[in-house]
Amino acid sequence: MRTFGFWLICLSAAAGVLAAASAYLVSLSLPDEQLEGLTLAAPAGTQAALEDSEDPPAGDDLSQREPLYEVGTKVDAAMLQALRDQSVENLRVKEFAWERWRGKWWFILAAVGMLVGARLGKSRSPTSAGRVQAVSGYDPRPDVESLENTVRELLAKTEGSAESIASLKQYLLDRLHELQSGELARLADARGELIERMGLSAYAQLTESLAPAERHINRAWSTAADGALEESRASLQQALSELAATRERLASLG
Amino acid sequence: MASPQTSAQPATASRETTWPAIIFGILIGALMNASITYAGLKIGFTIGGSAVGAILGFGILRGLLRQGHILEINICQTVASAVNIPNSGVIFTVPVLLLIDHERFAFTQDGAPTPLFWMLTLACSAGAILGCAFIIPLRKQMIDIERLRFPTGVAVAAILKSPGAGIRKTYVLLAGILLGMVVYLPVALPEIIKNLPEKSTFRKLETVAYERFDWRLPGPQPAAPNNPDDAARYARELQDVDHDGDDEPDLILSNDLLDVGRWWGLPDEIPLAFAIAPFALGAGYVTGRAGLFVLAGGVLAYFVLNPVAFAWGWFPVTVEASEVANVSRSAFNRPLGIGMLLGGALIGMLASLPSVRAAFAGLGKASKSGRGSDELGIGVLVLAALLAIAGLYFAADYLETHDTSNVPPAAEAGGEAVDAEPAESDGWLSALPSHWRNLLIALIGAAWIWFGGIIIAQCTGMTDWSPISGMALLTIVLVMLLTGTQNVTGSVLIGAAMCVAITCAADMMQDLKTGYMVGAIPKRQQSMELLLTGLGPPITMATLILIAATNMRATSGEPVPEVEPRTAQTTEEVATGKPMGPGTKTEAPQAQALQAVILGVQGGDIPYALYGCGSVLGVLLGVAAFPSLGVLIGLSMYLPIAYILTYGVGCLINMFVSWWKGARWSEEWGVPFGAGLIVGEALLSLVLSGVDQILSFLQA
């Protein structure tokens, strides 16, 4: 049913776009009184008679590319006769009228189709970026706790360590990179699922501390890469307090 | 040999907002601004400056000065892009005045810039500040909560992180940059070569490249005629494969296009051609699967709507199959796409309201606590916005009260051929006294900037494409409707300010994404952008005037100060050169498109129904699938399909690599490579446009 809903939305969108594109198109089969006085929004007809153009002469025949009537010309009876003689079927005009719009019922049908398709595909839960989460039943708490523990461990390891700056720096870079591509990436990937479960407002509240925590971890990485280990530690300290706040928020949200 | 350091004390203190970073950022930004202004006026689109700013920042701060920390270079690139980016908004709008009525716009009799020039500069600077001030409160929503991708922001972060990411990743990034430059070279180089003097040695390069080492592939040749009776058949078949009229089949692989449709023999109304654009490929890769919705929009417009409309006889009979894509873009793809974009953005904003509320609540809380907030406070932003609105009002009001000569209807002013008689009409606000009307327009403009800024930032965040040209057209139309169709100058002034604002908004969000990924403190980046982005418009405007003066000399031989300004009383042509547009080296394609729209509005030709239908479809797509779908589909309906297809290939490669090697591998190794492609093209474009600009000035 969801697949059907998806295809219904696609087909309806295509039909809707096609119907919309005909909004300023008028058929020459309409009675003259409905057409006279309108203004051309696109050229109409050709200087060369269409029936003569089946065997184009060698070289460019510019008359075939020359329209009979230019943009802005008012439609009158003589024009209509000349265009009908050339078997022209449609005109693009500047004025829109609901009653002249040939695609209006298709447009309405397309709109209904999209709404029905939405109803059928309701169980689908894409993120705003259109990604359907592959993670199922994801629990963020273990990842947040793991982040907290690792950050605490890194702080302990770098405090008054006897190791050289180079080795400490590499250690920090490696461990922080693991966090970035592990726990933090999983939390980011689970965004759609978390929003579906918690609601957007609750998720937004969660990011009040989770996003700064991630940013501080990123800062710890950048400053470590530049050898500014003390600042890296300060960032880790800030990340730790934000992670604690995140853990508490998760607990309160259940 | 120095003994190893044995404590965790820092070898150096980390630096972030430093004078060298700010000064070099301004210098780099000013250089990029001038170069990109010139390139944009030639080719019709601009290059973002962040990646180039990051690379040059590394080169100068780290390479030459032996300093430059990651966060410091981030500030350098933030400043550089803040100074550079307003050029997009300016060059898509302001040059239209040069096309319509250049004598009055550019110089007074004694050669000094006119008041209009200064007021435009003031309005654009006000717009730049307004764009930044309005988008800053949405950082939390777009980056922390929505987690928009911002591919170029990710690419810049990859560059910034390269010193700590390990040598192998740096090689991957450099390989991407190199490949991007090599692939883009045949696209960019001919533009320079054709500007060189005929006898130049470099001019021979093109001949050598095409005659001795021709990599290009011609399309299938029709069978030669066997007898005179067969000549008509040959002419017809040749006409089908020769659209440029050189009596040779067009190329399948040219400098900038791989025409697979021609290769496979698809009908001409189905333009299956891929742009040779490393930037688009890289951006597609970095975006990944979500970018497929952009591809879907392109497919819908160019492979469903246009061919069906052509088959059903909806185009004039004089339109050939190969012209369908171009004709349909202005006839219905663009208004439908822009409408869809607006509808999609509207539904997206409604859906995001909870997160916007949460973001504002967070800001408010931080402002109240008054300590240690990482975000710029609401008070500062309100003050900046009020000052900018006041600047905008002053510029609009001064222009109206001190420079009452309206630009004559474009048809009389030497614009393109107009088929309809210009129909001057009063704007919706024409009945108001001028001061109140200008104040109201400044306020409406501010509201539109907020909405437009969100749309552009969302588009850039999701796809890396910025619908600035479409928004520029819509903005000018909106202001003309408000102020009256004869008020082209005032409309362009407000429109230019709005366009500058929305480009600055998108760029700022991109820089903040980069900052998030390297751990920068948002407040510092925000302060820098807010303080320095106003420098951009004067640089762009000065470059614009310089280019106009050079073009006028080159096309008339008359020195610029001798140009007589045209008054409103006379529309008689004065014997001067052309400042811009067809026949000059800077054709300003976007300004020409805008001129056509202005002429259309003056002729009463606004396809309201198409905008309306597009908006309804955008809203419905948002309701039916997910809120931003209308934005993604609408955006790609009027962009050139060749770029959309290349971008789509990037998305598909990402999906394939993720399936083959795993999502983490794709992110770890693929993204730096994709980032390299983006940066390579931007870097080469900038260098070549700089060279081109110098050569042009030397020639003139």
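A residue is called buried here when its relative accessible area is under 20%, exposed when that area is over 50%, and partly exposed in between, with a 1.4 Å probe and protein chains only. By this definition, buried residues make up 51% of the 254 residues in chain A, while 59% of the 700 residues of chain B count as buried.

The structure is a predicted model, in which local features need pLDDT of at least 70 and side-chain atom pairs count only at pLDDT 80 or more, whereas totals for chains, interfaces and linings use all residues. Residues are numbered from 1 along each chain as its sequence is written, chains are lettered from A and ligands numbered from 1 in the order in which they are written, and side-chain values use heavy atoms, with hydrogens and water left out.

## The two chains

Helices (H or I, at least four residues) and strands (E, at least two) are DSSP runs, numbered from the N terminus. Chain A has 11 helices and 2 strands, and their order along the sequence is α-β-α-α-α-β-α-α-α-α-α-α-α. Chain B has 26 helices and 4 strands.

Accessible areas come from the Shrake-Rupley method with a 1.4 Å probe, and for residues only the protein chains shown count as cover. Chain A exposes about 11600 Å², of which carbon and sulfur atoms supply 54%; chain B exposes about 26400 Å², with 64% supplied by carbon and sulfur atoms.

A contact means heavy atoms within 4.5 Å. Among the contacts in chain A with a separation of 6 or more, 75% are between residues 24 or more positions apart, and in chain B the corresponding share is 81%.

## The nonpolar cores

A nonpolar core is a set of buried Ala, Val, Leu, Ile, Met, Phe, Trp, Tyr and Cys residues joined through side-chain atoms within 4.5 Å. The largest such core has 242 residues, and those with the most contacts inside it include A:Leu176, B:Leu130, B:Leu493 and B:Ile598. The helix that gives the most to this core is H19 (residues 488–518) of chain B, with 19 residues. From chain A, the core draws at least three residues from each of domain 1 (2–48 + 64–120) and domain 2 (140–253), the domain bounds coming from an automatic or database domain assignment.

Leaving aside neighbours within four places in sequence, B:Ile598 is in contact with B:Val96, B:Ile100, B:Ile476, B:Met480, B:Val488 and B:Val492.

Two packed helices are described by the angle between their axes and the distance between the axes. Axes are lines fitted to C-alpha atoms, for helices over the stretch in contact, and the angles run from 0 to 180 degrees between N-to-C directions. A crossing is left-handed if the near helix is turned anticlockwise from the far one by less than a right angle, and right-handed if clockwise.

| Helix pair | Angle | Distance between axes |
|---|---|---|
| H6(B) (115–135) and H19(B) | about 35° | 7 Å |
| H14(B) (292–311) and H25(B) (641–661) | about 140° | 9 Å |

The crossing of H14(B) and H25(B) is left-handed, and the residues that make this contact include B:Tyr302 and B:Phe303 of H14(B) with B:Tyr647 and B:Gly648 of H25(B). The crossing of H6(B) and H19(B), by contrast, is right-handed; where they meet, the residues include B:Gly127 and B:Gly131 in H6(B) and B:Ala497 and B:Ala501 in H19(B).

## Individual residues of chain B

B:Ala642 lies in helix H25 and, at 12% relative accessibility, counts as buried. Its C-alpha atom is separated by 8.9 Å from that of B:Asp259, 383 residues apart along the chain, and, with neighbours within four places set aside, B:Ala642 is in contact with B:Leu257, B:Ala273, B:Phe274 and B:Ala275.

B:Leu65 lies in the loop between helix H2 (50–64) and helix H3 (70–84), and is partly exposed, with a relative accessible area of 37%. The C-alpha atoms of B:Leu65 and B:Pro20, 45 residues apart along the chain, are separated by 9.3 Å.

Most residues other than glycine have a negative phi. B:Arg147, however, has a positive phi of about 50°, and B:Phe150 has one of about 45°. B:Arg147 is found in the loop between helix H7 (139–145) and helix H8 (151–165), and B:Phe150 lies in the loop between H7 and H8 as well. B:Arg147 is partly exposed at a relative accessible area of 25%, whereas B:Phe150 is buried at 0% relative accessibility.
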